[in-house]
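The sequence and the structure come first.

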Amino acid sequence: MIQFKNQKYRFKEIRNRILKTTFTIMFIALMGGILIPYFTSDEAKEFLSLMPFILLISLFPLAFGLYVGLKRQKKIFESYILTIDNECLIREQHNTPIIKILFSEIKKITKSRTGEFTIMGAKPSSIILIPNQLEDIEHFEKLLAGATNVPIHTIKTIIQNLILLLTLLTVMFMDLLYVSKNKLLISISGIWLIIISTLSFINVQKNKNIDKRTKSLSYSSIVLLIIVLSIMIVKLIKT
């Protein structure tokens with residue numbers, strides 16, 4: 001039995017990635033929140049005069065949420081343990097279900113350009129994600145190759161870029177839902193938000209690589225669904 005853990009000092013790479021993604025999304029949301037009303041509202045100047053107060057009110061909860069989220073992610077990152085024995089691969093992590101995949105049940109192994117591995121088992125929920133911050137990852141790769149006949153495919157990081165694109169589109173449609181007076185745009189925005197929120201909630205609940213705290217927080221998306229549906233219906237009736 002051989003165990004691998006994450007290199008704790010490399011959490012800064014995860015932190016920087018989270019901060020970069022968060023600030024990018026916040027910037028796009030801010031620009032959308034300013035520019036869309038500016039070009040669509042008759043009271044643009046009044047709206048812009050309120051922006052500093054809106055930003056000030058929003059800044060503190062966003063900063064606190066980011067701080068708490070990073071602290072939780074650090075604990076999860078540092079608790080990561082990957083075990084290889086004669087028959088299976090086991091992933092253990094703070095506040096998440098233990099994932100065990102028999103080598104005989106491995107269906108697919110992929111490796112990203114940046115070195116992360118994804119190992120898929122017989123069940124859709126049996127997926128082990130292996131970060132490139134894993135200690136002695138070259139040795140792990142050799143052990144994995146010797147334990148199974150499933151080839152390791154190298155893929156591009158297109159999924160990460162796709163997730164970012166979908167997030168940006170969601171932010172854009174959220175802005176459009178609030179400020180647009182066009183029925184078609186309101187309908188498209190509302191339907192998009194409902195579909196994305198529903199799929200995201202289902203994915204979070206089924207994903208064994210996501211901690212219990214995040215799964216509990218994801219129930220707030222149900223409130224978001226109700227709000228989006230209410231706004232869409234009201235605006236469609238009034239427009």
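Which residues are exposed on the other side of α3? The model is a predicted one, and in it Glu138, Lys142 and Gly146 are the exposed residues on that side of the helix.

**Helix α3**

Helix α3 spans residues 137-147, and its buried residues are Ile137, Phe140 and Leu144. These three lie on the same side of α3, because the arc they cover around the axis is only 50°. Buried here stands for under 20% relative accessible area, and exposed for over 50%. The helix therefore has one side with Ile137, Phe140 and Leu144 buried, and another where Glu138, Lys142 and Gly146 are exposed.

**The sheet**

An open sheet is built from four strands, in the order β7-β6-β5-β8, with mixed pairing. β7 (127-130) and β8 (152-155) are its edge strands, each of which pairs on one side only. On average, neighbouring strands of this sheet are turned by 20° against each other, direction ignored. Helix α3 packs on the sheet and touches β5 (108-112), β6, β7 and β8. The direction of α3 makes about 25° with that of β6.

**The β6-β7 hairpin**

Strands β6 and β7 form a hairpin, with six residues between them. Strand β6 covers residues 117-120, and its pairing with β7 is antiparallel, over four bridges. Two of the facing positions are listed here.

| Residue in β6 | Opposite residue in β7 |
|---|---|
| Threonine 118 | Leucine 129 |
| Isoleucine 119 | Isoleucine 128 |

Which residues of β7 make up its covered face, and which its uncovered one? Ile128 and Ile130 form the covered face, whereas Ile127 and Leu129 form the uncovered one.

**The chain as a whole**

The chain contains seven helices and eight strands. It has 239 residues, of which 31% count as buried. Of the contacts between residues at least 6 apart in sequence, 61% join residues at least 24 apart. The chain exposes about 15,100 Å², and 66% of this area is supplied by carbon and sulfur atoms.

Technical notes:
Residues numbered from 1 in each chain as written. Predicted model: local features only at pLDDT ≥ 70, side-chain atom pairs only at ≥ 80, totals over all residues. Heavy atoms only, no water. Buried < 20%, exposed > 50% of the residue type's maximum accessible area, 1.4 Å probe, protein only. Helix = DSSP H or I, 4+ residues; strand = E, 2+ residues; numbered from the N terminus. Arc of directions from axis to C-beta. Pairing = 2+ DSSP bridges. Axes fitted to C-alpha atoms, helices over the stretch in contact; angles between N-to-C directions. Contact = heavy atoms within 4.5 Å. Areas by Shrake-Rupley, 256 points an atom, 1.4 Å probe, with all protein chains shown as cover.
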